[in-house]
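Hi,

Here is the structure I promised to pass on. Have a look at it first, and then read my notes below.

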Amino acid sequence: MLAELVQHLVNGLIVGGGYALMGIGLTLIFGIMRVVNFAHGEFFMLGAFFLFTLFSLWGVNFFLASALSVLGVGVVGAVVERLVLRRLRSEPIEIPMLATVALSVILQNAAILLWDPSPKTIKHVFSPLPLTLGPIHMVSIRIFAGLVAVALIVGSHLLIQKTRIGRAMRATFQDTDMARLAGVDVDKVYMFTFAFGAALAGASGALLGAVFWVYPAMGDLAALKSFAVVIMGGLGNFLGAIVGGLLLGVSESLGAGYISSGYKDAIGFVLIILLLLWRPQGLFGKKVLPR
Amino acid sequence: MRSRVTWGAVIAVVVLALPFLGVDDYFLHLLIMTGLFFLLTAGMNLLLAAGQLTLGHTAFFGIGAYASGLLAIHFGLSPLWTLPAAAAFTGFVGYLLGRLTLKLRGAYFVLVTVGFAEVIRLVATNWMDLTQGPMGLAGVPPFNVGTERWTLVSKRDYYYLMVVMAGGTLFLTARLLGSRVGRALAAIQSNESLAESSGISAYAHTMLAMVVSCALAGAAGGFYAHYITFLSPELFGFQNTVTMAVMVVTGGQGMVLGPAVGSLVFTFVPEFLRMAAFYRMLLYGIILLLVVMYMPRGLVFYLNALLRGRTAPPAPSADADVGLAPAERPDQGGPTALAVRGVTVRFGGLAAVDDLSLDLGRGEILALIGPNGAGKSTAFNVITGFQPPNAGRVQFDGVDMTGLPPYRIAELGLVRMFQRTSVFPEAPALDNVLTACHRLARTRLWELVLLTRAYREEERRHRRRAQAMLRFVGLDRKAGEAAKNLSCGEQRLLGLAIALAPDPSVLLLDEPAAGLNAVETGELMRLIEAIRARGLSVLLVEHDMKLVMGLCDRVVVLNYGVKIAEGTPAEIQRHPEVIRAYLGSGEIFADA
């Protein structure tokens with residue numbers, strides 16, 4: 001009984017780590033650029049497909065292939081920012097949003113043409129036998145995925161808090177005009193932010209892709225869930241995305257275990273609606289007053 | 001105007017005659033789908049006029065479809081009844097969702113509607129007893145009027161039914177967007193605080209848009225159910241949501257014809273792309289991206305710009321002065337217009353306003369001054385309902401109005417001007433003021449939809465009033481200019497005209513002279529004096545001591561949220577505490 005609960009919790013935390021990675025990317029992009037990125041799921045999907053291509057098709061070393069995949073998605077993100085979003089910066093919020101919707105259609109259909117729609121698995125280097133720790137069973141790829149997610153979350157935190165570009169990002173987040181006056185190259189910050197957010201989604205896709213299936217539409221549900229994550233945590237809030245991601249992972253895992261697996265994917269959204277009744281600005285959001 | 005009528009008539013004739021012009025059934029089907037998408041996107045467009053993009057309309061479409069289908073199957077009712085019932089039910093579901101979500105703005109609202117649609121999709125997939133899940137619901141009866149004889153069978157029949165429904169939708173949305181409701185929605189999008197403080201309830205108006213919008217989606221769903229006669233959870237697919245968002249934004253948001261053009265173009269574009277076979281959806285995405293990038297205002301906007309070389313707006317007519325309200329204001333509640341009693345606001349441990357009491361006499365000009373951060377704007381926010389106080393009360397004409405929402409306070413006759421943007425930037429100056437006449441409207445919703453005589457009279461009256469207000473502040477020659485193109489000083493004056501439009505008895509001005517030069521400040525003082533002469537009471541926050549000392553009857557001084565002095569300008573200038581409080585911030589009385 002208790003063992004089952006713990007098992008659900010651990011499963012939930014590992015998937016939740018992937019959600020948190022997605023959420024951090026999305027929340028950074030929104031917080032700094034005011035762009036709701038509907039192509040986020042496609043960056044997730046690209047991460048998985050890059051890994052599949054490099055590792056499963058071309059036989060590159062698994063760890064090197066993972067790193068290259070994440071980097072590759074970052075490059076795609078940078079190109080998208082430079083060619084599309086930069087030109088739409090002065091438009092109202094729904095215009096860049098719709099542009100990312102168009103990008104998601106393009107990327108997903110490009111993936112269908114490049115890799116065909118059938119689901120694929122990545123035969124990773126880890127043993128398929130589960131490790132047993134007391135009452136808990138866990139295949140090692142999941143443990144690997146969980147550890148990498150934690151490392152990436154901590155790494156992102158350090159990047160934002162300790163590095164030069166991180167400081168520029170925080171400044172832009174607080175007040176774009178002031179940041180520009182203080183000599184921050186805002187164009188560069190935007191480009192880096194979008195690339196970084198995309199890369200985090202790609203990392204999440206590569207990790208979960210190695211655990212589950214890889215197919216062109218895999219990003220749809222992932223994107224919806226990362227939206228749920230950032231709303232729970234408050235749009236633009238880093239800590240909120242982590243908490244929201246873990247919360248969603250755990251509640252889905254518990255919901256699937258104890259309520260119904262058919263409704264598993266609805267749990268996040270029901271949570272949101274309940275949460276918004278209580279705090280309309282999300283868990284960590286702030287209210288603003290007029291002047 | 002005439003050419004618009006002619007074009008409308010030509011289009012109507014073509015639409016009605018089309019099925020007899022030898023088009024095939026598939027083409028008619030595409031036109032029917034265009035109409036269906038128009039119903040959906042016209043509703044989304046209403047919400048978008050208030051700046052709220054919903055990506056959850058597939059849910060309402062699906063709810064309407066299942067509701068009408070299930071009612072017809074299980075109760076044997078004619079679709080003539082189930083379709084309106086489904087629309088009403090969907091409108092009600094929209095009301096419930098609106099209760100939860102309409103306080104959300106921008107991206108939050110978008111994402112929550114996405115989530116809602118996903119929940120509904122999962123329910124439709126998993127609630128097997130009701131919907132038969134992924135297998136789908138077959139055997140929905142075709143549209144009929146109770147008897148077999150009056151059953152719609154051919155594409156042509158459904159085409160005409162759709163023409164009726166789409167025509168009704170066009171009429172309804174055109175009336176709503178073209179009236180004070182449309183102005184209110186645009187005002188909410190453009191400057192919600194100002195809209196509220198002009199007496200426009202953001203909640204009530206977005207809710208109206210939400211309910212109408214959802215009912216239209218439900219009607220579209222009901223139509224679809226009896227047209228296709230088979231329903232499955234595929235209806236809720238995110239792809240459909242994307243299609244609708246594409247149509248409404250690329251068509252031209254906030255414009256009546258935008259959804260119609262968007263629906264037409266993006267129903268037919270995928271058909272033309274069929275020849276591209278495998279590359280169809282990829283091309284679709286690329287076309288969409290190009291339209292968004294190079295025509296972000298929507299197709300109708302660029303068509304308009306192409307058709308006419310930007311016609312000049314009509315010059316304001318020199319009508320009789322309906323300007324500032326005469327002295328017919330009943331003298332309610334004694335000599336005090338506004339009474340603030342022991343108001344305290346704490347942010348965390350810090351008291352921004354601490355036990356503040358003040359009285360504004362009828363016809364008085366009272367200044368609230370103090371160094372930056374003294375709590376003046378917070379006090380204003382409490383009085384106008386934007387910030388609930390931790391303690392204390394605010395009475396207006398003897399009525400307690402603590403805790404009322406801003407628009408209610410404005411309706412009672414207390415209106416404020418904001419410190420920063422006190423205009424609706426995108427709209428022409430005249431429309432800015434016209435929007436703010438909202439609280440004076442007495443006609444009902446149905447009257448403005450049906451364009452009754454009383455409503456038209458009222459519109460004319462308000463238009464004259466708005467012109468008079470512009471003339472009063474000296475902006476009548478800028479009536480057609482978008483507010484954002486006016487100079488800083490002109491924008492302040494426009495802000496004043498907006499504040500006067502709802503016919504307030506008390507006016508709150510937050511730094512009205514900020515950014516004005518000496519000449520403009522002098523003009524402003526003259527205007528405030530004239531406003532008082534008409535019987536209004538004025539409470540103002542101002543840093544310009546020349547204005548404060550030259551204009552005000554009394555002055556209240558705040559420092560760190562506490563009232564440290566109160567008296568006539570002469571008394572205040574000699575007050576030792578005031579001098580001490582201001583020592584750090586320079587010699588403020590030097591130029592007084």
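One thing to know before the domains come up: their bounds are taken from an automatic or database domain assignment. Please also keep in mind that this is a predicted model, where local features need pLDDT of at least 70 and side-chain atom pairs count only at pLDDT 80 or more, while totals for chains, interfaces and linings use all residues. Residues are numbered from 1 along each chain as its sequence is written, and chains are lettered from A and ligands numbered from 1 in the order in which they are written.

Domains of chain B

Chain B splits into domain 1 (23-307) and domain 2 (336-427 + 489-585). Taken over C-alpha atoms, their centres are 46 Å apart. Domain 1 of chain B puts 12 residues into the contact and domain 2 of chain B puts in 17 (two residues are in contact if their C-beta atoms, placed from the backbone, lie within 7 Å). On the domain 1 side, α8 (180-190) and α9 (192-197) of chain B each supply at least two residues, and α9(B) gives the most, with 4 residues. Helices here are DSSP runs of H or I with at least four residues, numbered from the N terminus. By class, that side of domain 1 has 4 nonpolar, 7 polar and 1 charged residues. Nonpolar covers Ala, Val, Leu, Ile, Met, Phe, Trp, Tyr, Cys and Pro; charged covers Asp, Glu, Lys and Arg; the others, Gly among them, are polar.

B:V181 sits in helix α8 of chain B. B:V181 is buried, with 24 other C-beta atoms within 10 Å (buried means 20 or more such atoms, exposed 12 or fewer, and partly exposed in between, with C-beta atoms placed from the backbone). Beyond its neighbours within four places in sequence, B:V181 contacts B:L176, B:H205, B:L208 and B:L448.

Where the chains meet

Between the two chains, 39 residues of chain A are in contact with 42 of chain B. On the chain A side, α4 (94-115), α9 (218-233) and α11 (267-278) each supply at least two residues, with α4(A) giving the most, at 12 residues. That side of chain A has 31 nonpolar, 2 polar and 6 charged residues.

α9(A) has 16 residues and spans 23 Å from its first C-alpha to its last, close to the 22 Å expected at 1.5 Å a residue (1.5 Å times one less than the number of residues). Of its 16 residues, 14 are buried, so α9(A) is largely enclosed by the rest of the structure. After α9(A) comes A:G234, with a positive phi near 95°.

Two helix pairs

In chain B, α7 (residues 155-177) and α10 (residues 202-228) pack at about 180°, with axes 12 Å apart. Axes are lines fitted to C-alpha atoms over the stretch in contact, and angles run from 0 to 180 degrees between N-to-C directions. α7(B) is therefore roughly antiparallel to α10(B); the cut-offs are under 35 degrees for roughly parallel, over 145 for roughly antiparallel, 65 to 115 for roughly perpendicular, and oblique for the rest. This contact has 7 nonpolar, 1 polar and no charged residues.

In chain A, α6 (residues 164-174) and α8 (residues 186-211) pack at about 105°, with axes 10 Å apart, which means that α6(A) is roughly perpendicular to α8(A).

Cheers
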